[in-house]
Amino acid sequence: MFPGVLEMAYRRELQNLSAGNALARLWAKDASLWPAEQYQIESVKGNLGWLDLPGKLAPLLARMAARAAMIEPAGFEDVVFVTMGDSNLAAQTVLRLPAAKLGKRTFLLDNIDPDFLRAFDENLRLDKTLFIFASKSGKHIEPHSLLLYLLERLRTAGIPSPARHFVILAEENSYLANSPGISIPR
């Protein structure tokens, strides 16, 4: 009986979506597809920005490939992807690609434990390390604290122009994107 009830509910909702032209409305970023209070509508629309990604992907990938080709000529040997939470899934995937050779060694840093960090950065030549921060919102404390920690490590090691050791991939105007001492190359 239960599978039959689920099947009927599924078919009813599918018919409602089709009758309500939900797919066309989704591509038009119609926020009324989701139950939301009036003050939440702009947030819902903003969360639909991923729909534009297919049109933006080719130029973004070209920029990323050009930037990746500049890593070793710029003197970087180690590349550290710094991510937290769901963002590290994308970094793990990229690092597993056969063409993902960035520098001589690549690492994923997704831990803020002080003992782990001390052991981790002992394995790096800071003057030859590029840190790539990836954070969708750029608003979480963990990446911020890692950025400030690594920036201070570079400064205390006497590395000239420590900001050149960072690439930030985060929402525009977020705290991470506007971090002090870091300018984001576009």
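A residue counts as buried under 20% relative accessible area, as exposed over 50%, and as partly exposed in between. By that scale Leu60, with a relative accessible area of 33%, is partly exposed. The structure is a predicted model.

**Nonpolar cores**
- The largest nonpolar core has 20 residues, and Val80, Val82, Leu109, Phe131, Phe133 and Phe166 touch the most other members.
- Two or more residues of this core come from each of strand 1 (78-83), strand 2 (105-109), helix 6 (114-122), strand 3 (129-135), helix 7 (141-156) and strand 4 (166-170).
- Helix 7 gives the largest share of this core, with five residues.
- Another core, of seven residues, lies apart from the largest one and includes Phe76, Phe81, Leu130 and Ile132.
- In soluble globular proteins, nonpolar side chains tend to be buried together.

**Helix 6**
- The buried residues in helix 6 are Leu117, Phe120 and Asp121.
- Viewed down the axis of helix 6, these buried residues fall within an arc of 85 degrees, so they line one face of the helix.
- Strand 1, strand 2 and helix 7 are the elements against which the buried residues of helix 6 pack.
- On the face turned away from the buried side, helix 6 carries the exposed residues Asp115 and Glu122.

**Surface patch**
- Leu60 lies in helix 4, which spans residues 53-69.
- Together with Leu53, Leu57, Leu61 and Met64, Leu60 forms a nonpolar patch on the surface.
- The accessible area of the patch residues together is about 430 Å².

Methods: Residues numbered from 1 in each chain as written. Predicted model: local features only at pLDDT ≥ 70, side-chain atom pairs only at ≥ 80, totals over all residues. Heavy atoms only, no water. Core = buried A, V, L, I, M, F, W, Y, C linked by side-chain atoms within 4.5 Å. Buried < 20%, exposed > 50% of the residue type's maximum accessible area, 1.4 Å probe, protein only. Helix = DSSP H or I, 4+ residues; strand = E, 2+ residues; numbered from the N terminus. Arc of directions from axis to C-beta. Contact = heavy atoms within 4.5 Å. Patch = residues over 30% accessible without salt bridge, like charges linked within 9 Å, V, L, I, M, F, W, Y side chains within 5 Å. Areas by Shrake-Rupley, 256 points an atom, 1.4 Å probe, with all protein chains shown as cover. Salt bridge = Lys/Arg side-chain N within 4 Å of Asp/Glu carboxyl O.
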